[in-house]
Amino acid sequence: MADLSSVVRGIQSGDMRALARACRLIDERDPRAFELLKQVFIHDGHAYVVGITGTPGAGKSTLVSGLIRLYREEGKRVAVLAIDPTSPYSGGAILGDRIRMQQHFTDEGVFIRSIATRGHLGGVSRSTGDVLHVLHAAKFDVVLLETVGVGQAELEVTQLADTTVVVMAPGLGDDIQAIKAGILEVADVFAVNKADRMGADATAQDLQQMLSLRRVPQGVSKMQGHTAVSTLTKGPEAEAGEWVPPILKTVAHKQEGLAELVASLAKHREFLMTTEAGRVIREQRRAAEFRAILYQALIDEVDARFADEISEKLQDVLDAKIDPYSGAEALSRSAIGDET
Ligand SMILES: Nc1nc2c(ncn2[C@@H]2O[C@H](COP(=O)(O)OP(=O)(O)OP(=O)(O)O)[C@@H](O)[C@H]2O)c(=O)[nH]1
Ligand SMILES: [Mg+2]
């Protein structure tokens with residue numbers, strides 16, 4: 001492959017082939033990816049990252065496609081990352097998305113990529129995080145992260161987004177699934193899609209009710225919960241420094257409600273950028289990311305340097321010569337040079 005600096009330059013000038021190359025290095029966990037990321041990293045990432053999550057079939061991809069169109073009309077450069085934790089090499093879902101997003105594949109201002117996960121949890125969000133930094137460097141204005149499904153991996157991925165949209169649709173049993181997966185907590189904005197179908201109002205109302213029950217502000221006892229709830233009906237504005245997720249109805253394939261969605265996203269972004277609560281959220285995310293990068297680097301380093309010692313110690317554990325705790329303790333002490 002071409003030398004790293006030409007890939008770096010390519011990324012910085014928004015060259016799609018350089019971007020694809022970088023994504024591949026990251027996907028394959030090539031050691032050169034780490035060097036590349038060091039070189040392209042920028043502290044105040046340019047792109048606004050929006051996570052789109054929710055149950056299968058709710059209309060996420062259709063919504064993503066509609067959002068691409070709106071942002072493109074504003075002249076913004078858009079990247080889409082489709083994250084599919086179930087199938088390492090584009091399964092049916094991504095294939096369907098390709099068809100739905102066909103119109104955008106030929107658009108120079110749109111970059112679309114699916115992220116394979118190679119079956120390790122935590123790996124999904126780490127490599128997605130790395131790709132995001134590449135997209136920041138390429139100066140995309142908006143990145144849309146679509147996750148397929150509602151599991152732990154999806155929840156991790158939402159931590160990488162500035163704003164997370166949870167997409168629901170009537171008749172999918174979404175409410176129950178959402179509670180199970182803890183997806184209500186990660187939502188900054190709700191889109192009740194397929195609003196052209198029966199039951200959309202009921203879904204929106206159920207959602208509103210569930211949120212009201214959950215969102216009892218700190219310092220207010222459960223007995224006083226109803227007073228807190230009544231303040232929430234005032235609308236989606238931040239109350240006392242807290243963001244209250246708005247619930248919007250959309251008909252994705254007809255572009256209905258999408259302009260309102262874009263407006264809500266902009267509002268949430270403003271909340272993140274201008275309030276103390278938003279500053280804290282952003283800082284926590286950066287801290288979590290640093291730890292994730294650090295721990296991964298430590299694991300890689302230890303695996304590379306102590307491969308022999310690890311297999312020796314492993315054999316001792318298998319032979320019941322040593323318990324796994326003592327074995328791990330001895331190894332980690334010697335790895336950091338502390339032999340006491
Ligand atoms: N009636 C109606 N159908 C819709 C709407 N939005 C999407 N659909 C249809 O719903 C189906 C699923 O849409 P997708 O966009 O693939 O849903 P998804 O959430 O991305 O699905 P997965 O990626 O498989 O989880 C498609 O047949 C869409 O055409 C809507 O607002 N109303
Ligand atoms: Mg989809």
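How many nonpolar, polar and charged residues does the shell around ligand 1 have? The model is predicted: local features need pLDDT of at least 70 and side-chain atom pairs count only at pLDDT 80 or more, while totals for chains, interfaces and linings use all residues. Residues are numbered from 1 along each chain as its sequence is written, and chains are lettered from A and ligands numbered from 1 in the order in which they are written.

| Class in the shell around ligand 1 | Residues |
|---|---|
| nonpolar (Ala, Val, Leu, Ile, Met, Phe, Trp, Tyr, Cys, Pro) | six residues |
| polar (the others, Gly among them) | seven residues |

Of the 17 residues around ligand 1, the nearest are P56, G59, K60, S61 and T62; a residue is near a molecule if its C-beta atom, placed from the backbone, lies within 6 Å of it. Two or more shell residues come from each of α4 and α5 (92-100). Helix α4 gives the largest share, three residues. Helices (H or I, at least four residues) and strands (E, at least two) are DSSP runs, numbered from the N terminus.

Helix α4 (residues 60-73) also lies across β1 (48-54), β2, β3, β4 (142-147), β5 (163-168) and β6 (189-192), where contact requires C-beta atoms, placed from the backbone, within 7 Å. Its direction is at about 175 degrees to β4; axes are lines fitted to C-alpha atoms, for helices over the stretch in contact, with angles from 0 to 180 degrees between N-to-C directions.

The open sheet has seven strands with parallel pairing, in the order β3-β2-β4-β1-β5-β6-β7; pairing needs at least two DSSP bridges between two strands. Because β3 (110-115) and β7 (247-249) each have a single partner strand, one side of each is left without a neighbour in the sheet. Strand β2 (residues 78-83) runs parallel to β3 and is joined to it by six bridges; A79 has F111 in β3 as its bridge partner.

Conventions
Contact = placed C-beta atoms within 7 Å.
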